[in-house]
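Subject: Structure handover

Hello,

Here is the structure you are taking over. Please open it next to this message and follow along.

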Amino acid sequence: MKSPPLRILLVNPYIHDFAAYDFWAKPAGLLLLGAILRNQGIALDYIDCLNRFHPRARQTDKQVRYGRGPYLKTPIPKPDALADVSRRYSRYGIPLEWFREDIRAIPKPDAALVTSFMTYWYPGVQETIREIRSAWPDSPIFLGGVYASLCREHAIRHSGADQVFSGCGETALFTILKHLTGQDVSGDINPDNMDSLPWPAYDLQSTIAYVPLLTSLGCPFSCEYCASSFLYPVRRRRSPESVMAEIRFWHDRHDVLDFAFYDDALLIDAKRHAIPLFEMIIQSGLNQTIRFHTPNAVHIREITPETANLMYGAGFKTLRLGLETTSFDPDKRLDVKVTRNEFYQAVRWLKDAGFQARDIGAYLLAGCPGQPVSDVETAIQIVKETGITPVPAYYSPIPHTPLWQHAVKSSRYPLEDDPIYTNNAILPCSREPFSWETIKKIKVACEAA
Ligand code: B12
């Protein structure tokens with residue numbers, strides 16, 4: 001097919017927050033769109049405001065364990081809405097001057113595509129869009145991603161983008177291309193068939209410290225606090241062969257050693273999905289050199305002696321388990337996934353398979369509406385008895401989830417007025433004004449021997 005002579009700029013925006021860390025966080029969706037555009041013959045520029053490996057960044061601290069590491073940061077004033085929070089607020093990412101220079105160094109784009117993640121990071125999205133606009137006032141700016149999907153109306157009013165796209169980016173992309181070229185450009189991809197999609201263009205980065213793997217979309221559970229079933233109502237999966245080919249590609253061509261699974265439900269229906277994939281990895285021999293991580297957590301109930309042995313054998317190094325809470329009361333709404341015995345058993349099987357306790361963490365929700373701190377402390381105790389690490393996951397209220405209305409009622413902030421209040425760092429659903437006390441209590445409980 002004849003390619004339209006276009007040039008498109010992709011931008012991963014700044015984060016404004018009290019804390020942020022590159023915990024294998026890459027804009028997989030935006031770079032997937034980049035790969036589709038590149039296959040259409042469209043010229044691309046990519047600016048990653050969060051690039052830890054920017055050529056002007058100091059060479060120290062580049063590579064922390066397994067590719068993770070701290071972002072560059074610049075302290076900035078807090079938004080007025082968060083004035084009562086006694087913590088420092090920063091712009092995470094490259095200094096603004098570097099961004100300004102980089103953006104003026106590229107040829108004028110026909111359009112800019114900006115992605116977004118956490119709802120409460122929208123000030124970083126606004127700032128990024130403002131900078132693009134000031135450099136290229138005539139280029140249309142399109143916004144998509146998680147914030148654009150969860151807070152569509154807010155993004156339309158406040159992001160500064162010319163158009164906001166919620167949901168599936170592949171479909172949006174063809175609308176954008178039609179708008180820019182006047183032609184139908186659909187290529188041969190079908191968003192419902194993940195195997196028809198190219199692999200995200202991680203090679204647009206200056207350094208590939210690790211590669212995220214997305215082997216499936218969606219989750220069969222609908223936990224009250226989670227937006228997965230709103231964002232991906234239909235579950236889709238790739239074939240194990242396609243995932244294996246992608247792993248091989250990044251390792252063989254780009255020497256990538258660390259891979260992070262982004263799936264919401266990696267181990268679900270393991271017989272047809274994860275197990276054949278893990279077996280292929282073992283057969284390939286790549287398990288001797290590469291390492292896998294599950295920062296987005298796996299379902300504890302799906303850990304069996306078989307999956308535990310295969311994960312260990314395939315080269316999984318750091319594991320996060322989705323425990324969430326240990327108030328194992330079937331009427332409570334946060335713990336639909338697992339019982340106490342299932343948790344103990346899963347940890348035993350993982351250790352028997354060869355995992356070191358220190359490489360396994362269990363996520364525990366903290367700061368949910370009506371959740372007493374003592375619940376979290378008990379959960380921390382239960383996790384510590386097994387020798388693995390409790391990892392607090394501070395609750396961020398998310399629009400379109402079942403818990404949202406309850407969160408709105410319990411919060412001391414007007415959550416519906418401004419997504420800035422959904423920042424999990426300020427425990428928005430606890431009744432008292434922000435104080436370090438609760439967070440300190442949880443930290444101390446996690447650290448105590
Ligand atoms: C992987 C993941 C992570 C990774 C990092 C991801 C990253 N890149 O930063 C890790 C594990 C580190 C992580 C951490 C957290 N996460 Co998270 N994460 C996800 C997850 C599972 C997938 C995101 C993803 O990559 N999806 C796949 C890609 C392909 O999708 P996508 O980016 O949305 O892109 C598609 C479209 O949006 C669109 N698109 C994207 N950009 C653009 C641009 C344009 C112009 C267009 C047209 C389209 C478009 O096209 C793409 C293809 O269709 C989502 C849930 C989900 N299922 O989406 C939660 C999610 C985003 N995370 C969430 C949360 C709460 C967290 C944590 C705060 C958890 C905690 N309590 O500790 C932490 C904090 C992160 C931090 N502060 O750094 C929440 C968001 C909450 C909020 N208020 O916004 C989500 C929604 C999960 C949930 N609980 O419901 N997360």
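Which of the 39 residues around the ligand come nearest? They are Lys26, Thr115, Glu170, Ala227 and Asp264. Please keep in mind that this is a predicted model.

**Domains**

The chain is divided into two parts, domain 1 (7-181) and domain 2 (210-447). Their C-alpha centres lie 25 Å apart. The two parts also touch: 29 residues of domain 1 are in contact with 32 residues of domain 2.

Where does the ligand lie relative to domain 1 and domain 2? Both domains give residues to the shell around the ligand, so the ligand lies between them.

**The ligand and its shell**

By residue type, the shell around the ligand consists of 26 nonpolar, 10 polar and three charged residues.

- Asp264 has a polar side-chain atom 2.7 Å from a nitrogen atom of the ligand.
- Ser396 has a polar side-chain atom 3.0 Å from a nitrogen atom of the ligand.
- Tyr394 has a polar backbone atom 3.2 Å from a nitrogen atom of the ligand.

Several elements give two or more residues to the shell: α1 (28-39), β6 (111-114), β7 (141-143), α6 (169-181), β13 (291-298) and β16 (389-394). Which of them gives the largest share? That is α6, with four residues.

**A sheet of five strands**

Two of the strands named above, β6 and β7, also belong to an open sheet of five strands. Its order is β3-β1-β6-β7-β8, and the pairing is parallel.

The strands β7 and β8 run parallel and are joined by two bridges. In this part of the sheet, Leu143 stands opposite Val164 in β8.

Helix α3 (residues 122-135) lies across β1 (7-12), β6 and β7. Relative to β7, helix α3 runs at about 165 degrees.

**Where to start**

Regards

Terms used: Residues are numbered from 1 along each chain as its sequence is written. This is a predicted model: local features need pLDDT of at least 70, side-chain atom pairs count only at pLDDT 80 or more; totals for chains, interfaces and linings use all residues. Side-chain values use heavy atoms; hydrogens and water are left out. A residue is near a molecule or strand if one of its heavy atoms lies within 4 Å of it. A polar contact is a pair of N or O atoms within 3.5 Å; within protein, one must be able to donate a hydrogen and the other to accept it, and residues adjacent in sequence count only if both atoms are side-chain atoms. Ala, Val, Leu, Ile, Met, Phe, Trp, Tyr, Cys and Pro count as nonpolar, Asp, Glu, Lys and Arg as charged, and the others, Gly among them, as polar. Domain bounds come from an automatic or database domain assignment. Two strands pair if DSSP finds at least two bridges between them. Contact means heavy atoms within 4.5 Å. Axes are lines fitted to C-alpha atoms, for helices over the stretch in contact, and angles run from 0 to 180 degrees between N-to-C directions.
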